[in-house]
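I opened the model to look up a few things and wrote them down as I went. The entries follow the order in which I checked them.

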Amino acid sequence: MPSPQIAVEFKDVGLVFATDPSAPVVALSQASCRFAPGKVTAIIGPSGCGKSTLLQIARGFLAPTRGTLTFRDEANGDKPTGRPTMATVWQAFNLFPWLTVLENVTFGLELGGNLSRSEREARARQAIAAVDLSGFESKYPRQLSGGMRQRVGIARALVMQPDILLLDEPFGALDAQTRLVLQEQLATLVETRGMTAILITHSIEEAILLGDTIIVMSSRPGRIVSEIKVDLPRPRSLATTQDPEYPRLFDRIYGLLRDEVMQAITAEQGPSA
Amino acid sequence: MTDRPLASAAAQAEIDALPPERKSLLDNPRVLGWGSIVLALAVWEIGARLTGVNSLYLPKPSQIVLSLIEMFRSGGLLTDLLMTLYRIFAGFFIALFVGTLLGVWIATSKRVRSVADMWIAALYPLPKITLIPLLIIWLGTGGPFMLTISALGAIFPILINTVLGVQQSDPGLVLAARDLGATQRQIIRRVLIPSAVPSIFAGMRLGLGVSIILVVAAEMVVGKTGLGARLYLAGQILETEQVFAVLIVLATLGIIVTKIQDAIDIGLGRWRLS
């Protein structure tokens, strides 16, 4: 089982893409934050503000050009530790279309080569059942709806038993109804497993429903504007939106975001607009 | 809660209640395809009989069939067919192995691609048939020459399609594989090559066609055995029925190869068609 004790700490982390040296792009600017173990941290901000960049730096796919990224073991006096295991759920699902649901979910386990076929399949079937897809193991992704595909994506990440689950706008490509259902399902999974998760989202509702902490980012160059604790009781569901605290939180986040989004739009239109 | 991709029972009942669609034989592509061939042969046979055209120029289909049977029974046509098939497929499989391997290497290494681009640009447009004289000087006219000309015909379409297929792989899938812990070698084997299979298969189709053309052409130029050699010999001695008989064998070979490729394509692409 994953250890929920590893915290991820960003200290003044920045990233500049200098593919064209005459026009470097600042993707992330001096981000400092801590992703607490056993908690869900949602990151919200305007398009292009560097949310996914932050996630990719945490995952190790991008190296920061300044600042430090440290993993700390809270069970061991908050000492620095090695990179914890992570698995990502992607907005575009990124399922292998030539593999069945079961083969997609066992893919990562097979790469490691540590488990027998029967062990891999047993674990995969458990993960598939956890996302309510039992009976669809032999289907190809093309035969599934968008919501079902994303549940395969979630199962594929969960089966790896990661220390940290990374959710990169996991419901961004889904219709509104499917999104609501999957948000509730994911909230249940996260609550029952007590997992550490970093969620990138454009949806304030999703951030409040799933997050213990919400980080609001500025428009490009992305920096952290505010860190908001979500004290709404769990388990959370659509009914959580009826809690008196919900609209207060929503308005606060919207107020922060609105200014940033307006700045992003103005920047996109250029100085002549 | 489960999303159901299938129609509900009520919707299915409505679909079942629709009147059956009236289908004519002409809607069946197989009937149309084979029917057109049978019709053309019948028109040919009747036309040849009615006009009394000299069979030296245009023999009747019935004469060609008799000649074909005779060539199979006593004339060694089967041996020639098997020899030609061996030359085509041995060369083709060498091209498949080398072309796929090189294609993946070129697609995944910038440096290799920089070198290979120039060579491919220079060699691909060259009509391979023009290499026959040079290959004869280097290899003689035996087996190595035939395999080389067959492999040369197939390798470029396979290689180029492999490069394109790998380069056009979804980067999201590569990222997902990396996220799940795949090494570079595992990404190539488990993601890039499967992604490129439809493109590689398209290259195999083109390549096999070119291999067939080149092997038959090479047999016509230098061969003592094989369908090309037999075709050339029959033409030299004005045995028009035999010329047509060999052409029919080649055309039938083309149909069979195409159908086998279709079947393999469907088998490999179940995930695309489902």
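**Core**

I started at A:Ala155 and listed what it touches: leaving out residues up to four places away in sequence, the partners are A:Val105, A:Ala127, A:Ile128, A:Ala130, A:Val131 and A:Leu133. Contact here means that the C-beta atoms of two residues, placed from the backbone, lie within 7 Å.

I then looked up the largest nonpolar core, which has 128 residues; A:Ala155 and A:Ile198 touch the most other members. Such a core is a set of buried Ala, Val, Leu, Ile, Met, Phe, Trp, Tyr and Cys residues joined through C-beta atoms within 7 Å. A residue is buried if 20 or more other C-beta atoms lie within 10 Å of its own, exposed if 12 or fewer, and partly exposed in between, with C-beta atoms placed from the backbone. Helix 9 (residues 184-222) of chain B gives this core its largest share, 13 residues. From chain A, domain 1 (6-85 + 164-269) and domain 2 (96-161) each give the core at least three residues. The domain bounds come from an automatic or database domain assignment.

**Ground rules and confidence**

I noted that this is a predicted model, in which local features need pLDDT of at least 70, side-chain atom pairs count only at pLDDT 80 or more, and totals for chains, interfaces and linings use all residues. Residues are numbered from 1 along each chain as its sequence is written, and chains are lettered from A and ligands numbered from 1 in the order in which they are written.

The model scores ipTM 0.87 and pTM 0.81. For chain B I read a mean pLDDT (the predictor's confidence in each residue, from 0 to 100) of 88, with 93% of its residues at 70 or more. Over residues 1-7 of chain B the pLDDT is below 50, and this stretch has twelve contacts in the model beyond near neighbours in sequence. Where pLDDT is low, the predicted coordinates should not be read in detail.

**Chain A overall**

I counted seven helices and ten strands in chain A; helices (H or I, at least four residues) and strands (E, at least two) are DSSP runs, numbered from the N terminus. The C-alpha trace of chain A spans about 60 × 40 × 40 Å along its principal axes. Of the 273 residues in chain A, 45% are buried.

Most residues other than glycine have a negative phi, and most peptide bonds are trans. I found that the peptide bond from A:Arg234 to A:Pro235 is cis, with omega near 0°. A:Pro235 is in the loop between strand 10 (224-229) and helix 7 (245-269) of chain A.

A:Asp132 is not a glycine, yet has a positive phi of about 65°. Its place is in the loop between helix 3 (117-130) and helix 4 of chain A. Is B:Leu238 buried or exposed? B:Leu238 counts as exposed because it has 10 C-beta neighbours inside 10 Å. The phi of B:Leu238 is also positive, about 60°.
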